[in-house]
Amino acid sequence: MILVTVGTQLPFDRLVKAVDTFANELSKPVLAQIGKGTYTPQNMKWIKNIEPKDFDNVFRDASVIVSHAGIGTVLTAKRFGKPIILVPRQAALGEHRNDHQLATVSQLVGRPGIYVAHTDDDLRNYLLEELDSPSHEDSSEAGRASLVTYLKNYITAV
């Protein structure tokens with residue numbers, strides 16, 4: 001299953017609509033957590049929010065995660081060893097108050113298991129590929145700790 005998650009604070013209809021547009025082309029079913037969005041998907045299962053008690057199980061069952069560039073989701077993907085495709089929210093499109101998510105992905109791009117989609121075509125192409133999960137050495141506690149430290153330092157600097 002492909003899990004699309006937009007977080008709980010802000011809508012992200014652009015991401016949900018993009019995946020919904022080509023969901024029928026994908027070899028795996030899609031579940032989208034659409035949060036406060038107003039777009040209703042037609043080609044994939046969706047839910048407004050996933051209860052915190054269920055979130056780990058849904059994450060564990062997913063083969064790939066598609067998400068806004070939220071640090072919590074990046075860390076959760078890392079913890080479960082899942083590849084994650086990040087689609088940063090853009091302030092110019094009214095999706096966030098500033099472009100910190102663009103700054104975040106610029107620092108994360110190229111890390112094992114992290115993919116960045118700036119366009120719908122990027123996103124579609126990643127979802128049609130078999131993506132590598134984070135490396136075994138990176139999914140260790142030491143690898144996770146180094147990512148957490150890196151992100152904390154990065155966030156403090158921004």
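## Order of the elements

From the N terminus on, the elements of the chain follow the order β-α-β-β-α-β-α-β-α-β-α-α. In total there are six helices and six strands. Helices (H or I, at least four residues) and strands (E, at least two) are DSSP runs, numbered from the N terminus.

The model is predicted: local features need pLDDT of at least 70, side-chain atom pairs count only at pLDDT 80 or more, and totals for chains, interfaces and linings use all residues. Residues are numbered from 1 along each chain as its sequence is written, and side-chain values use heavy atoms, with hydrogens and water left out.

## The chain as a whole

Of the 158 residues of the chain, 46% count as buried; buried means under 20% relative accessible area, exposed over 50%, and partly exposed in between, with a 1.4 Å probe and protein chains only. The accessible surface of the chain comes to about 8,200 Å², and carbon and sulfur atoms account for 51% of this surface. Accessible areas come from the Shrake-Rupley method with a 1.4 Å probe; for residues, only the protein chains shown count as cover.

Among contacts between residues at least 6 apart in sequence, 58% join residues at least 24 apart. A contact means heavy atoms within 4.5 Å.

Strand β4 comprises residues 64-67. Val-64 and Val-66 point one way from this strand, Ile-65 and Ser-67 point the other way, and all are buried. In a regular strand the side chains alternate between the two faces of the sheet.

Strand β1 (residues 2-5) runs parallel to β4 and is joined to β4 by four bridges; two strands pair if DSSP finds at least two bridges between them. Within this pairing, Leu-3 stands opposite Ile-65. Three bridges join β4 to strand β5 (residues 84-86), again in parallel, and Ser-67 has Leu-86 as its bridge partner in β5.

## Helix α3 between β4 and β5

Together, β4, helix α3 (residues 71-80) and β5 make a right-handed β-α-β unit. Right-handed means that, with the strands pointing away from the viewer, the path from the first strand over the helix to the second runs clockwise.

Which residues does Ala-77 contact, leaving aside its neighbours within four places in sequence? They are Phe-59, Lys-82 and Ile-84. Ala-77 lies in helix α3 and is buried, with a relative accessible area of 1%. The C-alpha atoms of Ala-77 and Ile-65 are separated by 7.2 Å, although the two residues are twelve apart along the chain.

Thr-73 also lies in helix α3 and counts as buried, at 11% relative accessibility. Not counting residues up to four places away in sequence, Thr-73 touches Thr-5, Phe-59, Ile-65, Ser-67, His-68 and Ile-84.
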